[in-house]
Amino acid sequence: AGNRNASGIAVTIGMRETQMPPANNSTSATHANYSATTSINISGSTCALAIARSLSSSSSLSIIATTITNAGGADCNFVNVTLSDSIPASFASPDSISFAPTYSSRSGQSVTYLFQNFAPGTSRALSYTLSFAAPADSLQSFSLQIASAILVQQASPPPQPAPQPPPPTQE
């Protein structure tokens, strides 16, 4: 069995927003949660990916945390997953963001990550830190895309030998 490729899978992430109460007379902190589950269909195999993104902001710092989880079954073993995240120009320049882990490449407002192995049940975490308070609704304009992935096919069991006739009996 060979490997199968997927590409160009866009993910739309829904939003839940909460306003945190201010602590010690400071300005209020904001926390927003975004989540989506999407299915990838590659030549008849359907695999689920769960994506969660959150924004935590105080008056001088914002942290965007993104977790992508391979929620598929045992037959959803991916390698060489290329994930592209487009940061809206109205939000911030990638030059003003600290990325963890460091992206593999960047083109304009898009940063790309390469995950060599992405087995079922595993997660990949991305964190973006900014030195300003980002509004809770600012993540609505981000665009996350699986640019490509290879689905590793399970090896077929070896063929069973054909039954042999019993040896002839001697008289």
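Reader: Is Asn 80 buried, exposed or partly exposed?

Author: This is a predicted model, and in it Asn 80 is partly exposed, with a relative accessible area of 31%. The cut-offs explain the label, because buried means under 20% and exposed means over 50%.

Reader: Where does Asn 80 lie?

Author: In strand S6. Asn 80 also has a positive phi of about 50°, although it is not a glycine.

Reader: Then Asn 70. Buried or exposed?

Author: Buried, because its relative accessibility is 0% and the limit for buried is under 20%. Asn 70 is found in strand S5.

Reader: What does the side chain of Asn 70 reach?

Author: Two backbone atoms are listed for it. The backbone nitrogen of Gly 72 is reached at 3.1 Å, and the backbone oxygen of Ala 119 at 3.5 Å.

Reader: Which residues is Asn 70 in contact with, neighbours within four places aside?

Author: Among them are Ala 48, Leu 49, Cys 76, Phe 78 and Phe 118. Ala 119, Pro 120, Gly 121 and Thr 122 are in contact with Asn 70 too.

Reader: Change of topic. How many residues has the largest nonpolar core?

Author: It has 34 residues. Those with the most contacts inside it are Ile 64, Phe 78, Leu 83, Ile 87, Phe 91, Tyr 113 and Tyr 128. Elements giving two or more residues to this core include strand S3 (30-42), strand S4 (45-57), strand S5 (62-70) and strand S6 (77-86).

Reader: What do nonpolar side chains tend to do in general?

Author: In soluble globular proteins, they tend to be buried together.

Reader: What does Tyr 128 touch?

Author: Not counting residues up to four places away in sequence, Tyr 128 touches residues including Ile 64, Ile 87, Phe 99, Tyr 113 and Phe 142. Ser 62, Asp 85 and Ser 98 are also among them.

Reader: And Thr 112, buried or exposed?

Author: Thr 112 counts as buried, at 18% relative accessibility. Thr 112 lies in strand S9.

Reader: How far is Thr 112 from Leu 83?

Author: They are 29 residues apart in sequence and 5.6 Å apart in space, C-alpha to C-alpha. Thr 112 is in contact with Leu 83, and its other contacts include Thr 82, Ser 84 and Tyr 103.

Reader: Last one. Which peptide bond is cis?

Author: The one from Ala 100 to Pro 101, with omega near -5°. Pro 101 is in the loop between S7 and strand S8 (105-107).

How values were computed. Residues numbered from 1 in each chain as written. Predicted model: local features only at pLDDT ≥ 70, side-chain atom pairs only at ≥ 80, totals over all residues. Heavy atoms only, no water. Core = buried A, V, L, I, M, F, W, Y, C linked by side-chain atoms within 4.5 Å. Buried < 20%, exposed > 50% of the residue type's maximum accessible area, 1.4 Å probe, protein only. Helix = DSSP H or I, 4+ residues; strand = E, 2+ residues; numbered from the N terminus. Contact = heavy atoms within 4.5 Å. Polar contact = N/O pair within 3.5 Å; in protein donor to acceptor, adjacent residues only side chain to side chain.
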